[in-house]
Amino acid sequence: MESNKIKKHLTPARIIALGFAAVILLGSALLIMPFSVRPGVELAYIDSLYTSTSAVCVTGLIAVDAGDTFTPIGQFILGGLIQVGGLGVTAVGAGIILLMGRRVNLRGRNLVKEAMNLDSGRGIVQFVRSIFATTLLFEGLGALLSYPSFATTRGPVKAIGLSIFHSVAAFNNSGFDILGGGTNLIPYQDDVLLNLVTCGLIIFGGIGFLVIREMWNTRLHWKKFSMHTKVVLSTTAVLLIVGTLLLKATEDITWLGAFFHSVSARTAGFSTYALKDFSTSGLLVLIMLMFIGASPGSTGGGIKTTTFFSLIQGIKSAATNRSEKAFRYALPRDAFRKAAVITLLALGVVVTGTYLMTVFEPHLDLRDIVFEIVSAFGTVGLSTGITPDLTVASKLLSILIMYIGRLGPLTIASLWYFTYGERTQFAEGNIAIG
């Protein structure tokens, strides 16, 4: 009887949340082991936990430099955590079951469906296989194309390791690097090949596996795309173009640098210029891009492109008194309501997190704190450089926000919902709006 009660309360959202938490704790324990840390380097557990959370939540915010702190084994573990976090704990679990030759039960299929925002449970096994095949294809190609850039400054063996790690981090929209020195990709800001390869991996990782599969099945035929795919691709394109133009207008950087940061701010976290030198207006552009983030069913975070699109369409509908529609489709009835709820919850997380960090770090500028909090929530990884010097309280706060950002604020809110259905109904009241 007690077992049945536990199973009843273990909803898919709670199982996914517990799964991510378990992987984070396991990762923090592995990263602090002597075989993971370079000789002579002292790693506090809070920094190990912070790094593990950042990796599993595919964020890229760093309390310690991964290249200078971890051994090749530690870097391999870090890459594994990024891979598990990007694909999702449930998808990885289902993939392992399939590799063992066993069947994925109904509960497992429901978990994958919930985690990947799928409409139905049909074809779950095939979808999981396509996820792994797609990941292997993009990461393999990305490593191959990244190798020439790293080989010019590193030895062949080191360049291979850097290429593989960078490809995994880029496709999973995680801004980690193992170059050392805390420079990220600044030494490669003029390397056109590496910049474009990184952007390509980030974009495809950020549009979602559903969109990639549909693009493949339809042979890039726009008219055959579903409404979801059209919304994702069009919104992504607009955000990238607008972001590039605004960053070029506000910052003294090249067009390549502006495009790279417009792409990276959409939850990836790589940088080819020092963000501490950016103007307030430039950081504001990045904040807006980070807050919107990637797309559903992808390796990225943020409120998602589809949420942003539905929000704009809902506002447009209210202002013009016309129905919500796009691409010859009518938007689902509850799309605007759900988008508004997610956005308000996200703003609540950001505002609360910003307030608490201003209390914990009164000496820091407000713009740096807001940037840090939005980066954590959007699982981006960009920073103006304040992360390593944060207090333990601020790091714990950032860990919590990264966790919320990876799972989604609506998912977190639903974890506390214990009842199923309402027994009492009330007469409809009246309230003045606006």
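In this tour, Ala, Val, Leu, Ile, Met, Phe, Trp, Tyr, Cys and Pro count as nonpolar, Asp, Glu, Lys and Arg count as charged, and the others, Gly among them, count as polar. The structure in the viewer is a predicted model.

**Stop 1: the largest cavity**

Select Asn173, Ile202, Ile203, Gly206, Ile207, Thr236, Leu240, Val263, Arg266 and Ala294, which line the largest cavity. About 60 Å³ of space lies inside this cavity. Its lining is made up of six nonpolar residues, three polar and one charged. Which helix supplies the largest share of this lining? Helix H10 does, with four residues. Colour helix H10 (192-207) and helix H12 to see two helices that each supply at least two residues of the lining.

**Stop 2: the second largest cavity**

The count of cavities of 30 Å³ or more comes to two. For the second largest cavity, select Phe150, Leu162, Phe165, His166, Asp177, Ile178, Leu179 and Leu185, the residues of its lining. The volume here is about 40 Å³. Helix H9 (residues 156-171) gives the most to the lining, with three residues. By class, the lining holds six nonpolar residues, one polar and one charged.

**Stop 3: the second largest pocket**

Next, select Ile62, Gly182, Ser271, Ser383 and Gly385. Among the 25 residues that line the second largest pocket, these lie nearest its centre. The pocket has a volume of about 440 Å³. Its lining divides into ten nonpolar, twelve polar and three charged residues.

**Stop 4: helix H14**

Select residues 280-292, which form helix H14. From its first C-alpha to its last, this helix of 13 residues reaches 19 Å, close to the 18 Å expected at 1.5 Å a residue. Which residues of H14 are buried? They are Gly282, Leu283, Val285, Leu286, Ile287, Leu289, Met290, Phe291 and Ile292. To see part of what covers these buried residues, display the helices H12 (227-250), H13 (255-264), H15 (305-320), H16 (335-360) and H17 (366-377). Then step to Gly293, which follows H14 and has a positive phi, near 75 degrees.

**Stop 5: the nonpolar cores**

In soluble globular proteins, nonpolar side chains tend to be buried together. In this model, the largest nonpolar core has 103 residues. Select Phe270, Phe278, Leu286, Met290, Phe371 and Phe377, the residues with the most contacts inside this core. Helix H14 gives the most to the core, with eight residues. Another core, of five residues, lies apart from the largest one; Met227, Val231, Phe309 and Ala326 are among its members.

**Stop 6: Thr135 in helix H8**

Select Thr135, which belongs to helix H8 (residues 124-151). Is Thr135 buried or exposed? Thr135 counts as buried because its relative accessibility is 4%, and the cut-off for buried is under 20%. Now show Gln83, Leu87, Phe171 and Phe209. Thr135 touches these four residues, leaving aside any that lie up to four places away in sequence.

**Stop 7: Lys338 in helix H16**

Move to Lys338, a residue of helix H16. With a relative accessible area of 44%, Lys338 is partly exposed, since this class lies between the 20% limit for buried and the 50% limit for exposed.

**Stop 8**

Most residues other than glycine have a negative phi. The last two selections have positive values.

Begin with Val58, in the loop between helix H3 (45-56) and helix H4 (66-69). Its phi is near 40 degrees, a positive value in a residue other than glycine. Val58 counts as buried because its relative accessibility is 0%.

Finish at Arg219, in the loop between helix H11 (209-217) and helix H12. What is the phi of Arg219? The value is near 55 degrees, which is positive in a residue other than glycine. Arg219 counts as exposed because its relative accessible area is 61%, and exposed means over 50%.

Conventions: Residues are numbered from 1 along each chain as its sequence is written. This is a predicted model: local features need pLDDT of at least 70, side-chain atom pairs count only at pLDDT 80 or more; totals for chains, interfaces and linings use all residues. Side-chain values use heavy atoms; hydrogens and water are left out. Buried means under 20% relative accessible area, exposed over 50%, partly exposed in between (1.4 Å probe, protein chains only). Contact means heavy atoms within 4.5 Å. The expected span of a helix is 1.5 Å times one less than its number of residues. On a 1 Å grid over the protein atoms alone, a cavity is a set of points where a 1.4 Å probe fits but cannot get out, and a pocket is an open set with protein on both sides within 12 Å along at least five of seven lines; lining residues have an atom within 4 Å of a point. Grid points are joined across faces, edges and corners, and a volume is the space filled by probe spheres set on the points. A nonpolar core is a set of buried Ala, Val, Leu, Ile, Met, Phe, Trp, Tyr and Cys residues joined through side-chain atoms within 4.5 Å.
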